[in-house]
Amino acid sequence: MSTSAQSSLRPAAAVLHFLWTLPQQTLILLLKGYRRLVSPLYGQVCRFFPSCSAYALEAVTVHGAVKGTCLAVRRLARCHPWNDGGVDHVPASDRYERMLRENPARTPRILVLNHPVIPADDEGRAAA
């Protein structure tokens with residue numbers, strides 16, 4: 001393939017990548033706006049860790065727009081007064097974890113916030 005043909009494919013690939021990730025990026029922007037503007041008005045009332053909005057943001061970031069939205073809707077359906085709540089992490093994505101192992105600097109902030117490192121106690125016992 002000639003150099004001019006390769007250079008013409010690069011912009012096309014960039015446009016396709018932009019269009020493919022546009023729904024995901026739009027959802028991430030909306031979720032970040034919700035977390036910044038609406039969520040502080042409610043305070044700490046969520047019965048789960050991470051909160052539903054943090055869960056949704058991580059799910060969309062890790063799994064994409066369609067699967068992430070499905071996971072977030074499923075989580076919201078479990079958020080009701082008769083559920084005890086607790087720790088509920090987003091299921092892992094092998095592809096996303098592989099990408100982060102190859103380039104750890106690309107770890108999104110929401111993953112760091114939703115998965116804190118809990119140190120061992122004074123007697124050396126690890127957190128549950």
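Buried here means under 20% relative accessible area, exposed means over 50%, and partly exposed is in between (1.4 Å probe, protein chains only). The model is predicted, so local features need pLDDT of at least 70 and side-chain atom pairs count only at pLDDT 80 or more, while totals for chains, interfaces and linings use all residues. Residues are numbered from 1 along each chain as its sequence is written, and side-chain values use heavy atoms, with hydrogens and water left out.

**First stop: α3.** Select residues 52–63, helix α3; helices are DSSP runs (H or I, at least four residues), numbered from the N terminus. From first C-alpha to last, α3 reaches 16 Å, close to the 16 Å expected at 1.5 Å a residue (1.5 Å times one less than the number of residues). How many of its 12 residues are buried? The count is 12 of 12, including Y55, E58 and H63.

**Step along to G64.** This residue follows α3, and its phi is positive, near 95 degrees.

**Next: α4.** Pick residues 65–78, a helix of 14 residues reaching 20 Å. Colour A65, G68, L71, A72 and R75: these are buried. They cover an arc of only 135 degrees around the axis, which puts them on the same side of α4; the arc is that of the directions from the helix axis to the C-beta atoms.

**Last stop: V15.** Look in helix α1, residues 3–37, for V15. At 47% relative accessibility, V15 counts as partly exposed.

Methods. Helices (H or I, at least four residues) and strands (E, at least two) are DSSP runs, numbered from the N terminus.
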